[in-house]
Amino acid sequence: MAPRKPRPEHIAVRMYQVGFGDCFLLSVRYPKPLADGRAERHVLIDFGSTHSPLSHKVDMADIAEQIADDCGGRLDVMVVTHRHKDHLSGFANDEAAATVDSLRPGLIVRPWTETPDLHADAAAPVGAASRRLLTGLSEGHAFAGQLAAAIGDKGGGLRDRVRKLADEQLKNAEAIARLDMWAEQADSEYLHAGMASKMEDVVPGMSVEVLGPPTVEQHPDVVNARARNPEYWMLYQGFVASGLPNATLDPDDHDPDGGADPELAGATEEEAFAAGTATLERDIPAGPARWLATRLRNQQVHSLKRIVRSLDDALNNTSLILALTIGHKRLLFPGDGQIENWRYTLDRLPKDKALGKRLRSVDLYKVGHHGSRNATPRSLLDLWGDDHRPASLLSTRTDAHGDSEATAVPRATLVSALKERTDFHSTEGLAKGATVVLETDVAAGERFSRV
Amino acid sequence: MAKGVLDESGLTPQSVQMTIVAQDPDVLRDGRILTASVRVPAQHLDPGPASARFWVIDYDASTGQLREPAMLTVVGSDGRPTDRFEGISDRDILRDRAFHAQNVYAIAARTLAAFESALGRRLPWGFDGHQLHVVPHAFAEANAYYSDDDQALLFGYFTAADEQILTCLSHDVVAHETAHAVLDGLRHRFLEPSLPDQAAFHEALADVVALLSVFSISAVLEHALGEPDAEGRIDAAVAAPEAVRNSLPLVLGEQMGGALNLGRGGLRRSAGLAPPPDWRTLPAWEECHQRGEVLASAVLDTLVGLWTERLVPLIRDGRLDRDRAAEEGAKSADHLLRMCLRGIDYLPPVDFEFEDFVAAVLLADTVLAPDDDHGYRSTLRGCFERMGVGLPPADRLVDLARAPDAPVYHGLNFAAMRTDSDEVFRFIWENAEWLDVDRRYHLNVESVRPSTRTGPDGLVLTEAVADYVQTLEVTAAELVELASGWAAEAGDDAAVTLNPLVAPETPVQLLGGGTLVFDQFGRAKYHIRKPLADWRRQTERLDYLARTGTFDSGRRVGFSTGAPRGQRFAALHEPTYAGEDW
């Protein structure tokens with residue numbers, strides 16, 4: 001008779017205060033020691049930050065020490081949902097990385113887009129279109145790097161926001177190199193929607209449903225056609241190389257668009273534009289053409305912002321969306337997956353009643369993409385309400401992103417809905433070194449409660 | 001020898017012929033890009049081209065390059081203007097920047113002319129200036145939009161599937177963006193934060209203008225109907241309502257949409273849309289493009305109805321003459337476009353709702369052509385009703401001629417009331433009770449414009465159309481108090497509550513207003529009203545703005561959408577998954 005699989009008895013989820021970023025530790029406890037003599041398993045989900053909390057500066061080395069204490073010196077699984085800085089910057093910190101290394105992570109889990117040396121004859125559903133996406137993203141990274149360097153650190157305003165957004169799309173080579181090293185030393189997997197996961201072997205009693213990201217073959221709309229086209233990004237690399245953005249984004253030029261409404265801004269529009277005409281436009285004969293060209297500088301910066309944002313969206317949509325079932329408890333960790341990524345799952349809901357039932361019974365939801373407007377589908381939140389209130393965890397910092405109410409992260413309307421329909425917990429206002437800890441037994445009827 | 005009156009060589013032409021891309025470069029006929037020769041109002045053109053209303057400036061903000069202005073005016077051997085791009089090759093269509101300049105200029109000018117012809121007057125832009133800049137290669141981005149702040153139509157270019165796509169070569173995209181600009185001049189307040197129907201109307205009208213403009217070109221319809229037999233006839237089934245609905249011209253933005261929407265075929269496909277019965281309450285249908293499809297679809301269904309009805313007498317033995325069918329389609333499109341555009345004068349200046357459009361179009365058409373011999377109005381009304389859009393409440397569109405009392409005209413100058421905003425204000429002030437306008441709130445007459453139209457009977461209809469707007473700035477808490485008072489005055493004891501996202505101290509701007517139509521003698525005929533003290537509309541608007549997070553950068557509600565300068569229409573054109581975002 002086959003030995004009975006160990007069943008977890010208790011779950012703890014820790015959300016660390018990293019400001020604008022994600023860092024979660026899922027700890028599963030068993031009634032008896034497992035084969036390795038330990039009665040627990042620990043899964044780290046993301047380890048990054050791009051903006052410290054408003055009250056203090058975050059040091060990822062300190063966070064790593066906290067994790068080391070909380071996991072008892074051993075990490076069984078390390079999940080990196082996608083390659084944005086705010087999810088893996090900690091691995092580029094030498095001291096933090098040394099601490100993580102000492103925890104001997106056993107399994108490194110990343111999305112399929114991180115698969116090293118994806119072969120030309122790789123089996124479906126990772127096919128030619130998916131490989132083209134990877135090439136496109138690679139060219140996108142190159143464009144972002146060029147643009148960030150071209151703008152430089154010139155302080156403030158719309159141009160600086162574009163630079164920071166471009167900076168966040170960079171490849172984070174050092175962090176990725178460390179992850180690749182750990183993946184080689186231990187075990188690794190690269191998941192797409194519908195794949196089975198080795199995590200189920202490492203954490204007995206936990207089943208893993210990979211809801212995203214789909215490959216391009218599975219769901220062509222996961223990344224829009226432009227962003228996955230290498231030639232699209234090479235076009236913009238050409239523009240940056242021509243030096244135009246540097247001239248267009250001349251730091252001596254007054255930026256009339258500081259994100260404020262014109263009627264609230266101090267300077268009149270004419271004063272703003274009269275403050276300085278770039279050398280570029282002085283080559284244009286005086287008259288309507290020069291008048292227009294000066295104003296189109298502003299349009300061009302917004303256009304660049306939209307283009308960089310499309311790369312940001314594309315990378316967010318390479319994020320793992322994981323639904324974990326432990327005993328009677330369901331946890332949803334969607335990383336930064338946006339609606340395009342979620343759509344692969346949402347489109348199945350009308351026909352797949354069992355999937356709907358599983359999502360309706362989620363007990364803990366890690367709020368997607370730090371509470372942005374397009375990473376928590378309304379139809380997902382609509383599944384919860386009066387008769388079922390999951391806990392929700394939001395790791396974010398106000399004012400780090402977005403230059404208007406419409407683009408602010410977190411989105412106020414979403415936060416309001418989360419407070420109404422879930423037991424809501426956020427890192428906003430959390431002190432240095434503090435952690436949000438939610439625990440529950442895995443038995444039916446138990447709910448996550450904050451410790 | 002003196003030139004005689006009938007000697008055409010001495011006459012100044014009213015229009016010139018210009019070659020344009022009929023739809024977009026993906027639409028081919030006999031393997032070549034389908035073009036059309038269209039009539040454009042004749043004007044003095046400087047290099048650009050630059051006219052009294054448009055200035056094409058070929059500046060590329062992504063490369064910083066300003067190209068030479070295009071010279072379009074070429075005089076033929078007969079001394080008359082000639083189209084230098086007649087018979088242009090496909091290669092030149094795609095590469096010749098001077099042709100691109102002509103394409104955008106001609107389509108934009110033609111679109112403006114359609115509005116001015118329907119409304120019977122010159123139309124101002126929505127900004128302080130006479131010339132709209134048209135920038136055919138504005139930036140390297142898959143986008144095209146109208147920027148009121150920059151007084152410009154901006155057309156982007158991008159690469160998709162190894163093909164360079166120039167939005168300036170898409171007929172319906174150019175017409176669509178021009179329509180935004182023209183509507184902005186007619187109803188500038190429609191850019192203010194308001195109920196979801198208002199932003200949707202901007203998109204819907206632009207879509208309708210674009211599609212009907214394309215549809216009004218016979219060459220496009222001939223191509224869509226397919227090759228005729230030796231006798232010039234086609235199978236009547238091709239002109240059946242379902243076939244027409246699915247036909248190419250009714251798909252907006254074929255090339256641009258095909259590249260952006262991964263081959264689903266066009267940016268939006270409106271005719272034949274069947275929204276769910278409860279579309280007004282569904283978050284997905286609050287997104288302006290999707291919501292606008294309701295209105296666009298009703299208009300396009302009307303077109304299908306009008307056109308196929310016209311074809312019935314032409315069918316013999318299951319076949320009909322193709323060119324005649326195309327001609328009838330173009331006439332139907334032109335007629336319907338004029339009906340829709342004439343209705344704009346009868347719209348309120350603020351807080352637009354779809355019902356206002358239905359009422360406005362029906363009224364404008366009734367005034368001009370009292371007999372609905374061909375059933376155009378009943379067809380249109382039926383199509384809207386099938387979308388769940390009826391008529392507004394009777395007190396929103398008032399026939400002043402049927403009011404029990406007469407207004408006070410004492411001391412007023414009838415001639416001045418046709419042009420002078422102060423005189424119209426005096427009329428409103430003297431007749432505030434009669435008009436049911438509350439003098440306590442600030443009121444400004446924003447425009448007074450004469451309009452002259454000719455009905456099908458040849459008689460000329462002259463009117464003056466005046467818009468006034470009332471504004472009130474309060475806090476959210478004060479609004480609750482005011483609204484409770486207004487509700488009580490209306491005999492309504494419903495409790496007034498606000499969305500919890502709006503803090504009591506939040507500054508809020510309320511809008512109200514109306515459109516007054518005067519006859520040729522200066523007598524008030526119609527009053528299209530949106531009272532400021534309509535508590536239901538004000539709280540519904542505020543709730544919608546709060547629910548969609550439409551605060552400005554000062555966390556105020558109702559003052560502006562908070563969009564950065566020049567970006568009001570830029571973001572709206574990106575594909576979205578409507579209804580799932582916050």
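Modeller: Chain A has 16 helices and 14 strands. The model is a predicted one. Buried residues make up 59% of the 451 residues in chain A. Of the chain A contacts with a separation of 6 or more, 73% are between residues 24 or more positions apart.

Colleague: Now the loop between helix H5 and H6 of chain A, where Asn172(A) sits. Why is Asn172(A) counted as buried?

Modeller: Buried means under 20% relative accessible area. Asn172(A) has 14% relative accessibility, so Asn172(A) counts as buried.

Colleague: What does Asn172(A) touch, leaving out residues up to four places away in sequence?

Modeller: Asn172(A) touches Arg83(A), His84(A), Lys85(A) and Leu88(A). A polar atom of the Asn172(A) side chain also lies 3.0 Å from the backbone oxygen of Leu170(A).

Colleague: Ser89(A) is in the loop between helix H2 and H3 of chain A. Is Ser89(A) buried or exposed, and why?

Modeller: Its relative accessible area is 18%. The cut-off for buried is under 20%. So Ser89(A) is buried.

Colleague: How do you know that the side chain of Ser89(A) makes a polar contact with the backbone nitrogen of Ser49(A)?

Modeller: The side chain reaches that nitrogen at 2.9 Å. A polar contact needs a pair of N or O atoms within 3.5 Å. Leaving out residues up to four places away, Ser89(A) touches Phe47(A), Gly48(A) and Ser49(A).

Colleague: Next is helix H1 of chain A, residues 60-70. Which of its residues are buried?

Modeller: They are Met60(A), Ala61(A), Ile63(A), Ala64(A), Gln66(A), Ile67(A) and Ala68(A). These buried residues pack against strands S1, S2, S3 and S13 and helix H3 of chain A.

Colleague: Why can residues three or four places apart in an α-helix point the same way?

Modeller: An α-helix has 3.6 residues a turn, so residues with that spacing point the same way.

Colleague: What caps the N-terminal end of H1(A)?

Modeller: Asp59(A) does. A side-chain oxygen of Asp59(A) lies 2.9 Å from the backbone nitrogen of Ala61(A). Just after H1(A), Gly72(A) takes a positive phi of about 65 degrees.

Colleague: Which residue other than glycine has a positive phi near 45 degrees?

Modeller: Arg104(A) does. Arg104(A) lies in the loop between H3 and strand S5 of chain A.

Colleague: What makes Arg104(A) exposed?

Modeller: Exposed means over 50% relative accessible area. Arg104(A) has 51%, so Arg104(A) is exposed.

Colleague: Now chain B. Why is Asp436(B) called exposed?

Modeller: Asp436(B) has a relative accessible area of 54%. The cut-off is over 50%. So Asp436(B) is exposed. Asp436(B) sits in the loop between helix H13 and strand S19 of chain B. Phi there is positive, about 60 degrees, although Asp436(B) is not a glycine.

Colleague: Thr111(B) is in helix H2 of chain B. Why does Thr111(B) count as buried?

Modeller: Relative accessibility is 4% for Thr111(B), so Thr111(B) counts as buried. Again, the cut-off is under 20%. Leaving aside neighbours within four places in sequence, Thr111(B) is in contact with Ala175(B), Thr178(B), Ala179(B) and Val209(B). A polar atom of the Thr111(B) side chain lies 2.7 Å from the backbone oxygen of Ile107(B).

Colleague: At what angle do H4 and H8 of chain B pack?

Modeller: The angle is about 35 degrees, with the axes 7 Å apart. The crossing of H4(B) and H8(B) is right-handed. Among the residues that meet are Phe201(B) of H4(B) and Trp307(B) of H8(B). By class, the contact has 16 nonpolar, 2 polar and 4 charged residues.

Colleague: Where is the peptide bond with omega about 5 degrees?

Modeller: This cis bond joins Gly212(A) and Pro213(A). Pro213(A) is in the loop between strand S7 and helix H8 of chain A. The bond from Val409(A) to Pro410(A) is also cis, with omega near 0 degrees.

Key
Residues are numbered from 1 along each chain as its sequence is written. Chains are lettered from A and ligands numbered from 1 in the order in which they are written. This is a predicted model: local features need pLDDT of at least 70, side-chain atom pairs count only at pLDDT 80 or more; totals for chains, interfaces and linings use all residues. Side-chain values use heavy atoms; hydrogens and water are left out. Helices (H or I, at least four residues) and strands (E, at least two) are DSSP runs, numbered from the N terminus. Buried means under 20% relative accessible area, exposed over 50%, partly exposed in between (1.4 Å probe, protein chains only). A polar contact is a pair of N or O atoms within 3.5 Å; within protein, one must be able to donate a hydrogen and the other to accept it, and residues adjacent in sequence count only if both atoms are side-chain atoms. Contact means heavy atoms within 4.5 Å. Axes are lines fitted to C-alpha atoms, for helices over the stretch in contact, and angles run from 0 to 180 degrees between N-to-C directions. A crossing is left-handed if the near helix is turned anticlockwise from the far one by less than a right angle, and right-handed if clockwise. Ala, Val, Leu, Ile, Met, Phe, Trp, Tyr, Cys and Pro count as nonpolar, Asp, Glu, Lys and Arg as charged, and the others, Gly among them, as polar.
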